[in-house]
Amino acid sequence: MTHVLEIITAPDHVLRTVATAVDHITEKHQALIDAMRKLMIEHGGIGLAATQVGIHERIIVIDVELVDVNDVEYTQHGSFDMINPVIISRQGSMLSSEGCLSVPGFTGDIERSSVIEVEFLDKFGEKRTITASGLLSACIQHEIDHLDGKLFVDRLSKIKKDMIMSKLKKTRRSLFLR
Ligand code: CO
């Protein structure tokens, strides 16, 4: 089975679906992960959730390069395929400047937990736990939000969110009218 995946953009209501946990990891999931990773790289993203390609299972892929070496105690970078990721502890807060492949052309500063401990299954079904900080931490929180039907704009002020969403609607209308 081949996946022809496309990134769904806001305000498509598909992005508001809450994803369900994966019971059994199959070859289909492994193929999906590979296809999602390829798509993410093609679009220059550092993270992608299955929700963004219209598949409502709790799967995210992440590829954060080393950008901040101040804090060596925690994992700050790396490439991860996460199935059923769950944040099991949080520490501190930080301001995170974020964008999203599903919200093209916009960024915003939002508050995130600074250090998180995440439990997940890798694509072979091995249970893993990592402690993430910095960009990796923000990225994982952003992608898990997608699995819960949330977008980073939901964490902005209402005025900023409304402005971005109305611009996205206009863009979409003009694309359809073309
Ligand atoms: Co996103």
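This is a predicted model: local features need pLDDT of at least 70, side-chain atom pairs count only at pLDDT 80 or more; totals for chains, interfaces and linings use all residues.
Let me begin with helix α1, which runs over residues 27-42. Its 16 residues reach 23 Å from the first C-alpha to the last, close to the 22 Å expected at 1.5 Å a residue. Buried in α1 are H29, L32, I33, A35, M36, R37, L39 and M40. In an α-helix there are 3.6 residues a turn, so residues three or four places apart point the same way. After the helix comes G44, with a positive phi near 70°.

I turn now to K123, in the loop between β4 (107-121) and β5 (127-132). Is K123 buried or exposed? K123 counts as buried because its relative accessibility is 19%, and the cut-off for that class is under 20%. With which side chain does the side chain of K123 make a polar contact? The partner is the side chain of D34, at 3.0 Å. Neighbours within four places in sequence aside, K123 is in contact with I25, Q30, I33, D34, D81 and I83.

Finally, the largest pocket. Its volume is about 240 Å³. The lining comprises 17 residues, and I46, G99, C100, H142 and E143 lie nearest the centre. Two elements give two or more residues to this lining: β3 (78-99) and α2 (134-147). The largest share, six residues, comes from α2. By class, the lining has nine polar, six nonpolar and two charged residues.

Notes: Residues are numbered from 1 along each chain as its sequence is written. Side-chain values use heavy atoms; hydrogens and water are left out. On a 1 Å grid over the protein atoms alone, a cavity is a set of points where a 1.4 Å probe fits but cannot get out, and a pocket is an open set with protein on both sides within 12 Å along at least five of seven lines; lining residues have an atom within 4 Å of a point. Grid points are joined across faces, edges and corners, and a volume is the space filled by probe spheres set on the points. Helices (H or I, at least four residues) and strands (E, at least two) are DSSP runs, numbered from the N terminus. Ala, Val, Leu, Ile, Met, Phe, Trp, Tyr, Cys and Pro count as nonpolar, Asp, Glu, Lys and Arg as charged, and the others, Gly among them, as polar. The expected span of a helix is 1.5 Å times one less than its number of residues. Buried means under 20% relative accessible area, exposed over 50%, partly exposed in between (1.4 Å probe, protein chains only). A polar contact is a pair of N or O atoms within 3.5 Å; within protein, one must be able to donate a hydrogen and the other to accept it, and residues adjacent in sequence count only if both atoms are side-chain atoms. Contact means heavy atoms within 4.5 Å.
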